[in-house]
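Trainee: I am new to this structure and would like to understand the terms used to describe it. May we go through them in turn?

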Amino acid sequence: MKRVTIDPITRLEGHGRIEIFLDDAGAVENCYFQIPELRGFEKFCEGRPAEEVPQIVSRICGV
Amino acid sequence: MSKLKLASYWAAACGGCDVAILDINEKILDLAEVADIVFWPVALDFKYADVEAYADGYIDVCLFNGAIRNSEGEHVAKLLRQKSKVLVAFGSCAIWGGIPGLANFKRRDDILNRVYIESDSTQNPERIYPQTKYRVPEGELELPEFYKDVKCLADVVDVDYFMPGCPPTAAQIWAVIQVIASGNLPPKGAFIGCSNKTLCDECEREKTGKKVKKFYRPYEIIVDPKKCLLEQGLTCMGPVTRAGCGNQCTSANQPCRGCYGPVDGVIDQGAKYISALASVVDAGTPEEADRIISGIVDPAGTFYRYGLPGSLLRRAK
Ligand code: SF4
Ligand code: SF4
């Protein structure tokens with residue numbers, strides 16, 4: 001089985017990788033999309049004053 | 001003269017630093033006159049394998065933005081260090097951890113639990129967390145290790161220059177590109193694309209030396225657009241923040257949150273701010289000072305908004 005790795009995925013915000021597995025005839029057997037990055041805004045926004053949150057979450061994606 | 005070879009990379013970042021580079025607008029064409037970009041995931045389709053194939057030192061200048069959150073960030077930082085003659089920690093995340101560095105107020109397991117189990121938009125009854133290695137029928141998949149702490153770029157590799165800002169402004173970026181193209185770089189370790197004055201030094205708001213009896217949240221008062229925000233009781237970080245952004249927040253009636261970090265010689269912006277606050281509080285007794293200071297909501301998250309991993313604290317316990 002042949003494996004094609006696309007790493008990183010480009011021209012988008014964030015981190016992504018695609019793993020493609022080909023069968024012996026060269027057709028796609030299966031394909032996995034992976035997101036290697038995590039920052040955890042869901043957690044670290046807890047405890048921050050509500051009025052500060054728009055400025056913090058604008059850094060989820062600056063693109 | 002052969003063209004400069006430039007690279008830009010993001011680790012734990014938002015892409016805002018990369019877009020700030022694009023914000024030089026049509027000057028990007030002037031940049032293309034003097035430089036070839038050999039790696040820039042937001043804009044160009046180079047792969048890690050391309051970078052691995054470059055000779056050591058092939059890249060003249062690499063602008064590295066983003067904090068080091070996981071083993072992939074550290075791995076790519078080491079790869080780009082090896083391949084670059086000059087490595088710039090670009091933006092506040094790379095220098096001090098930035099907004100992603102707020103994660104150092106939380107525990108790793110609590111972050112993973114919140115994101116993958118508890119969040120309202122998640123359905124994960126089998127409680128599956130990301131695994132660094134995972135077997136699928138076709139083979140093995142890998143993900144980077146999510147570190148216990150957010151780190152700064154200089155924690156994992158040797159850094160030549162530091163360019164602060166969340167993000168650095170386009171004008172400063174253009175100025176720095178011109179310096180890079182001229183080859184007249186400052187001594188190693190310098191902060192570039194900024195001033196060594198404080199934001200207060202460049203602020204046009206009127207300061208009268210008025211002391212503060214009470215701290216407010218911005219929505220609790222009508223802000224006077226001409227007067228110092230700190231003297232109006234807002235926790236403006238101007239006294240301990242490096243100038244260079246053009247006073248963007250204070251010009252918009254918003255207190256500075258310190259994204260340009262401290263000036264040279266100050267190792268802990270938050271601690272410095274606590275001492276700055278002490279001199280503006282109008283209290284007759286220690287109890288009154290306590291009462292006034294305790295009116296500040298989330299002091300640690302405010303004073304270390306952009307720099308917890310790079311501070312003396314590094315993380316909450
Ligand atoms: S504290 Fe803020 S508003 Fe006041 S002078 Fe300094 S930067 Fe300006
Ligand atoms: S005013 Fe402060 S927080 Fe706002 S951009 Fe400037 S340095 Fe950053």
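Mentor: Let us begin with aromatic pairs: rings of Phe, Tyr and Trp (its six-membered ring) pair if their centres lie within 6.5 Å, and planes under 30 degrees apart count as stacked, over 60 as edge-to-face and the rest as tilted. The structure holds 10 such pairs over all chains. This is a predicted model, in which local features need pLDDT of at least 70, side-chain atom pairs count only at pLDDT 80 or more, and totals for chains, interfaces and linings use all residues. Residues are numbered from 1 along each chain as its sequence is written, chains are lettered from A and ligands numbered from 1 in the order in which they are written, and side-chain values use heavy atoms, with hydrogens and water left out.

Trainee: Why is the pair of B:Tyr9 and B:Phe64 called tilted?

Mentor: The ring centres of B:Tyr9 and B:Phe64 are 5.5 Å apart and the planes stand at 55°, so the pair is tilted. B:Tyr9 lies in strand β1 (residues 4-10) and B:Phe64 in strand β3 (residues 59-65) of chain B, 55 residues apart; strands are DSSP runs (E, at least two residues), as helices are (H or I, at least four), numbered from the N terminus.

Trainee: What makes B:Tyr9 count as buried?

Mentor: Buried means under 20% relative accessible area, exposed over 50%, and partly exposed in between (1.4 Å probe, protein chains only). B:Tyr9 has 1% relative accessibility and therefore counts as buried. B:Phe64, at 0%, is buried.

Trainee: What makes the pair of B:Tyr273 and B:Phe303 edge-to-face?

Mentor: The planes of B:Tyr273 and B:Phe303 are at 70°, with 5.0 Å from centre to centre, and the pair is edge-to-face. B:Tyr273 belongs to helix α11 (residues 269-278) and B:Phe303 to helix α13 (residues 299-303) of chain B.

Trainee: Which residues of α11(B) are buried, and why are they said to line one face of the helix?

Mentor: B:Gln269, B:Gly270, B:Tyr273, B:Ala276 and B:Leu277 are buried in α11(B). Seen down the axis, they fall within an arc of 110°, so they line one face of the helix; the arc is that of the directions from the helix axis to the C-beta atoms. The buried residues of α11(B) pack against α12 (286-293) and α13 of chain B, where contact means heavy atoms within 4.5 Å.

Trainee: How do you know that the charged end of B:Lys151 sits over the ring of B:Tyr147?

Mentor: A charge sits over a ring if NZ of Lys or CZ of Arg is within 6 Å of the ring centre and within 35 degrees of the ring normal. The charged end of B:Lys151 sits over the B:Tyr147 ring, 4.5 Å from its centre.
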